[in-house]
Amino acid sequence: MDHLLSPEELDFAHQMREFFRTEIPEEIRYRQAIGQELSKEDIVTSQRILNKHGYAVPNWPVEWGGQDWTPVQRHIWLEEMQLASVPTPLPFNTAMVGPVIATFGSQDLKERFLPATANIDIWWSQGFSEPNAGSDLASVKTSAVRKGDVYIVNGQKTWTTLGQYGDWIFNLVRTDPDAKKQAGISFLLIDMKSPGVTVRPIELIDGGHEVNEVFFDNVEVPVENLVGEENKGWTYAKFLLGNERTGIARIGDSKVALARVKAYAAATKTSRGTLLDDPLFAARLTKVEAELTALEFTQLRILSTQVAGDDKPDPRSSVLKLRGSMIQQDISELMMDVLGPQGIDFVDSREVPTGFTTLPPGAVDAGPHYYNYRKVTIYGGSSEVQRSIISKALLGL
């Protein structure tokens, strides 16, 4: 990437590189680098260090902790963070609800929530998907009926990532059941400690507890927790998803994961030497590398044409989400193919069963990672949805 940057941008990249590698605890970056699951404490510790130095929410308005950076500088910040294996600031806080509150919320909501959100004093959960409203978010049925100074909320959300840690949840709720689907939705902030809120874990195919169901049974929510105007929530949701899709490309993370694939392949002996010497595997690896490089060029082209400070959703973010998520899946498949049955998540990676070779640290996350990453072409808007956006907004079809 360096040869694509100006001298000033190169200096900025070196500054970010030095900061991430010296200020964030090495043990946290190591766990991130080898694919080990991070604890809540790891994520909070890292984000609070970033926030202390002004690097947690650079995309926010300056008055709320943001930076007056160009879009390319924001890209460099994220890229260098990922290359250094620093946990990305909690996206529900920094890339989703924070920008929505900063852009559409009242002054009271901004003062109440933005500082605590940036410093992760509040852990936000996302209440969008429902059992019958996943990619088709306009079909949400969770209701919010106004009674005086409160909304009475009833319904269910699902696939709530890390909801077990949540303090608050930002919800799409239906406030006008008679309006056209998109027109009757509002954006509501709900304290997850409120009576009537129940969080139930969903066990995933990889055995982990990452997502949850959240139930609302006559939950009373103060009217002042409404973001923006009633029945305008669909506009705010589109704004949020536009920000989310750009980040889902995860180019830096993919570079780190691809480097791990190469390292494990180089340690895998074959009749030709190592797996890297196998022409079929080398061709697959080269194809993914070329696609990742093309994706990075695409992202830089998009960023170079954006006006600094313009926070309007860019439909081209759908290209980044579509291709970025597919590349992440390709890399997870390469990793699984390199390690084979040795990529199974053993209870203790230091205890390797008889007949298996000793693996590099973290290699045993390959199986769970492969299964978990089937989701990346679904959340944030499925690949089918992204193709529809691209065909209409970009190609005019």
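Glu79, Lys255 and Glu296 are joined in a network of salt bridges, a salt bridge being a side-chain nitrogen of Lys or Arg within 4 Å of a carboxyl oxygen of Asp or Glu. The structure is a predicted model, in which local features need pLDDT of at least 70 and side-chain atom pairs count only at pLDDT 80 or more, while totals for chains, interfaces and linings use all residues. Residues are numbered from 1 along each chain as its sequence is written, and side-chain values use heavy atoms, with hydrogens and water left out.

In total, the structure holds 13 salt bridges. Side chains of opposite charge can pair when their charged atoms come close. Arg17 is paired with Glu80, with 2.7 Å between the closest N and O atoms. This pair links distant parts of the chain, with Arg17 in helix 1 and Glu80 in helix 4, 63 residues apart. Helices (H or I, at least four residues) and strands (E, at least two) are DSSP runs, numbered from the N terminus. Glu80 is buried, at a relative accessible area of 2%, whereas Arg17 is partly exposed at 23%; buried means under 20% relative accessible area, exposed over 50%, and partly exposed in between (1.4 Å probe, protein chains only).

Glu289 and Lys262 also form a salt bridge, at 2.5 Å from N to O. Here helix 9 (residues 279-305) supplies Glu289 and helix 8 (residues 251-266) supplies Lys262, the two being 27 residues apart. Glu289 is partly exposed at 26% relative accessibility, and Lys262 is partly exposed at 33%.

A further salt bridge connects Arg31 and Asp42, whose closest N and O atoms are 2.9 Å apart. Asp42 is buried, at 8% relative accessibility.

Helix 3 (residues 40-52) contains 13 residues and spans 18 Å from its first C-alpha to its last, close to the 18 Å expected at 1.5 Å a residue; the expected span is 1.5 Å times one less than the number of residues. Besides Asp42, the buried residues of helix 3 are Ile43, Val44, Ser46, Gln47, Ile49 and Leu50. The buried residues of this helix pack against helix 1 (7-23), helix 2 (26-33), helix 4, helix 5 and helix 6 (107-118). Gly54, with a positive phi near 85°, follows helix 3.

The largest nonpolar core has 58 residues, of which Phe20, Trp124, Phe170, Phe187 and Leu189 touch the most other members. Such a core is a set of buried Ala, Val, Leu, Ile, Met, Phe, Trp, Tyr and Cys residues joined through side-chain atoms within 4.5 Å. Among the elements giving two or more residues to this core are helix 1, helix 3, strand 4 (168-174) and strand 5 (185-191). Helix 5 provides the largest share, 6 residues. Leaving aside neighbours within four places in sequence, Phe170 is in contact with residues including Phe92, Met96, Trp124, Phe187 and Leu240, contact meaning heavy atoms within 4.5 Å. A second, separate core of 22 residues includes Ala249, Leu258, Met335 and Val338.

Ser85 has a phi near 60° and lies in the loop between helix 4 (71-83) and helix 5 (91-104). Ser85 is buried, with a relative accessible area of 9%. Asn231 has a positive phi of about 70° and is placed in the loop between strand 8 (226-227) and helix 7 (233-247). Asn231 is partly exposed, at 22% relative accessibility.
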